[in-house]
Structure formats: C-alpha cells, structure tokens
Amino acid sequence: QMQLVESGGGSVQAGGSLRLSCTTSGRTFSNYAMGWFRQAPGTEREFVTAISRSGGTTYYADSVKGRFTISRDNARNTMYLQMNSLKPEDTAVYYCAADRLFVPNIVNTRSDEYDYWGQGTQVTVSS
C-alpha cells in the first residue's frame, strides 16, 4: 500500500496563491506517475493535472493551464501543486493520486487509472 497525505489547503481571496503538497510513503515514489484531482460539492471528481514518473511530462486541464504548476521531488517522495491567480471556481477538495506506470514518460487523466488516493485537502477561494 502507498499512503498519500495532502497538505497546504486553506482559504484565500481571488487572485491569491496556495501551494499544495502530497507526501507519500510505503512504495517507491519514482515508480508512480502522480496526479491532482478535485471535487466541488455536487460535482464529480475532475482531473486537474498530472506528472510522469521522472517529472519530464506534465499535463493540465484547460481550466488551470497557465495558472497551476505541478512538480515532484523524488528524493523527498513528495509532489507539489503551485496554484496562482486562484478563482472562486477553483474551490474544491483537492486529492492527490498515484498511478503505477511502467512507462516512465506518460500520464493518465482518468481517475480510474489511479491506484492510490489521499484523503483530500480543502481549497476555498472567495471573491
């Protein structure tokens, strides 16, 4: 089993920034592509961004492109999500997830492809 713990959520005004972290344990972090998903009340969980095992490939949902940046530190078993220019529509619970992939430079955007999930961290953006 892999354990994932998100941190860094909170409340911020529109235009502000937050940095989320996802710390993992229990499995070899570099064997997993990683992703961030989010879920607002009354909606389905949606893909936000993902990063390949080496960090060489990233992919973003159109809604966050240019504002969010995903990164990872394989030496620290941790993934990050830098969120800038936040909007009220970014309000959601943010989840990190791990995807065991044998190909090093690809990512998946479907939530059912991911093997392990964190418990989520709340991000609230007020106007």
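With which residue does R38 form a salt bridge? The partner is E46, and the closest N and O atoms are 2.6 Å apart. A salt bridge here is a side-chain nitrogen of Lys or Arg within 4 Å of a carboxyl oxygen of Asp or Glu.

This is a predicted model, in which local features need pLDDT of at least 70, side-chain atom pairs count only at pLDDT 80 or more, and totals for chains, interfaces and linings use all residues. Residues are numbered from 1 along each chain as its sequence is written, and side-chain values use heavy atoms, with hydrogens and water left out.

R38 is buried at 5% relative accessible area, while E46 is partly exposed at 36%. Buried means under 20% relative accessible area, exposed means over 50%, and partly exposed lies in between (1.4 Å probe, protein chains only).

Strand β4 spans residues 32-39, and seven of its eight residues are buried. Strands (E, at least two residues) are DSSP runs, numbered from the N terminus. Two strands pair if DSSP finds at least two bridges between them. β4 pairs with β9 (residues 92-100) in the antiparallel sense over eight bridges, and M34 has A98 as its bridge partner there. Five bridges join β4 to β5 (residues 46-51), also antiparallel; in β5, T49 is the partner of W36. A hairpin is formed by β4 and β5, with six residues between them.

The structure holds six salt bridges. One of them joins D112 to R110 at 2.5 Å, N to O, and both residues are exposed. Salt bridges that share partners link R38, E46, R67 and D90 into one network.

Terms used. Helices (H or I, at least four residues) and strands (E, at least two) are DSSP runs, numbered from the N terminus.
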